[in-house]
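The sequence and the model come next.

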Amino acid sequence: MDAHMSMKDQRRQEIVQLIDTKGSISFREIRDRFPTLSEVTLRGDLKQLDADHLIVRTYGGARSIRYAIGVDIPINQRIARSAAAKRAIAAKVRSLVSGNGTIFLDSGSTTTALARVLPDARYTVFTPSLSCANELASLQKVTTIMPGGTLNEESMCLEGSRAIDGISDMRFEQMFLGATAYAEGGFTCELDEQAHLKRAAMARSEEIILLMDSSKIERRGTFMICDIPDLDIVVSDGGLPQDFLKACARANVEVI
């Protein structure tokens, strides 16, 4: 947890992660998880989290805002979630950027955190993400390229056949990949168009580096992106479970 977060903020973040992991949860389960807190306090937490569009309150409990299949969470809400973990990942990844040639910077909240700290040097960044491009706009030496395509207003990402056509004749030294979830079988996201674009960029990339905080492990998403053996490096926040780490070791995938 971020040292600067209040205990209340930490508790609410933990509640969101618990609900996201389970999909839906009863108030009794939340009360069992926080036995020293009053019902009034916990109900106040749920009310505020619902108002912030981080969960959906239901009769007798709550459900994840991404419980509906194929629904993407707005990028501004994703950026706010696990913000400290995303910053930690971005700081690690910054040192991996080759600083020459062309890199593919995927859409997502963690890749946006990376865009915020990328070194200003003479290399090219190709990204379908408007939030990433907005961060890159402050850099003087980096050349930023975006594809054509249809704008997804929730993810602030360009997608569709035109976006894929935009990389058809390109090669990337590195790809910094984002994913919504991982469960046994592979990494997923919630939009089919974005999954197609991610896979197309992977096929054109020499090195594939996945950025993913540990809260996304053991969640089941909708549209398959890839599996562990398709990656070269995984960069996370240090909380990955042993089963995942062992699977990476078997596939010769470096974990940072």
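## Asp213 and its distances

Asp213 sits in the loop that joins β12 and β13. The model is a predicted one. The relative accessible area of Asp213 is 1%, so the residue is buried, the limit for that class being under 20%.

Leu240 is 27 residues away along the chain, with a C-alpha separation of 8.1 Å. Asn252 is 39 residues away in sequence, and its C-alpha atom is 20 Å from that of Asp213.

Leu240 belongs to the loop between β14 (233–235) and α10. Its relative accessible area is 10%, and Leu240 is therefore buried. Residues up to four places away in sequence aside, Leu240 touches Ser214, Ile217, Val234, Leu245 and Val255.

Asn252 is found in the loop between α10 and β15 (254–255). Is Asn252 buried or exposed? With a relative accessible area of 70%, Asn252 is exposed. Most residues other than glycine have a negative phi. The phi of Asn252, in contrast, is positive, near 60°.

## The largest nonpolar core

In soluble globular proteins, nonpolar side chains tend to be buried together. Here the largest nonpolar core contains 31 residues, and Leu177, Phe187, Leu231 and Phe244 have the most contacts inside it. At least two residues of this core come from each of β9 (172–178), β11 (186–189), α9 (192–202), β12 (205–211), β13 (223–226) and α10 (242–250). Of these elements, α9 gives the largest share, five residues.

Apart from this core lies another, of 21 residues, which includes Leu114, Leu118, Tyr123 and Val125.

## Phe244 and Tyr182

Which residues does Phe244 touch, not counting residues up to four places away in sequence? They are Tyr182, Phe187, Met212, Ile217, Ile228 and Val234.

Tyr182 is part of strand β10 (residues 181–183). Its relative accessibility is 8%, so Tyr182 counts as buried. Leaving aside neighbours within four places in sequence, Tyr182 is in contact with Phe187, Met212, Lys216, Ile217, Glu218, Arg219, Asp227, Ile228 and Phe244. The C-alpha atom of Tyr182 is separated by 32 Å from that of Thr36, which is 146 residues away along the chain.

## Helices α5 and α6

Two packed helices are described by the angle between their axes and the distance between the axes. For helix α5 (residues 83–94) and helix α6 (residues 109–117), the axes come within 8 Å and cross at roughly 55°. The crossing of α5 past α6 is right-handed.

On the α5 side, the residues in contact are Lys86, Ile89, Ala90, Val93 and Arg94, and these meet Ser109, Thr110, Ala113, Leu114 and Val117 of α6. By class, this contact has six nonpolar, two polar and two charged residues. Helix α6 is mostly covered, with seven of its nine residues buried. The buried residues of α6 are Ser109, Thr110, Thr111, Thr112, Ala113, Leu114 and Ala115.

## Helices α1 and α3

How do α1 and α3 lie relative to each other, roughly perpendicular or roughly parallel? Helix α1 (residues 7–22) and α3 pack with their axes 11 Å apart and at an angle of about 70°, and are therefore roughly perpendicular to each other. From α1, the contact involves Lys8, Arg11, Arg12, Ile15, Val16 and Ile19; from α3, it involves Thr41, Leu42, Gly44, Asp45, Leu46, Gln48 and Leu49. By class, the contact of α1 with α3 has six nonpolar, three polar and four charged residues.

Asp50 is also found in helix α3 (residues 39–51). With a relative accessibility of 25%, Asp50 counts as partly exposed. Residues up to four places away in sequence aside, Asp50 touches Ile55, Val56 and Arg57. Ser64 is 14 residues from Asp50 in sequence, and their C-alpha atoms are 10.0 Å apart.

Methods
Residues are numbered from 1 along each chain as its sequence is written. This is a predicted model: local features need pLDDT of at least 70, side-chain atom pairs count only at pLDDT 80 or more; totals for chains, interfaces and linings use all residues. Side-chain values use heavy atoms; hydrogens and water are left out. Axes are lines fitted to C-alpha atoms, for helices over the stretch in contact, and angles run from 0 to 180 degrees between N-to-C directions. Helices (H or I, at least four residues) and strands (E, at least two) are DSSP runs, numbered from the N terminus. A crossing is left-handed if the near helix is turned anticlockwise from the far one by less than a right angle, and right-handed if clockwise. Contact means heavy atoms within 4.5 Å. Ala, Val, Leu, Ile, Met, Phe, Trp, Tyr, Cys and Pro count as nonpolar, Asp, Glu, Lys and Arg as charged, and the others, Gly among them, as polar. A nonpolar core is a set of buried Ala, Val, Leu, Ile, Met, Phe, Trp, Tyr and Cys residues joined through side-chain atoms within 4.5 Å. Buried means under 20% relative accessible area, exposed over 50%, partly exposed in between (1.4 Å probe, protein chains only). Angles under 35 degrees count as roughly parallel, over 145 as roughly antiparallel, 65 to 115 as roughly perpendicular and the rest as oblique.
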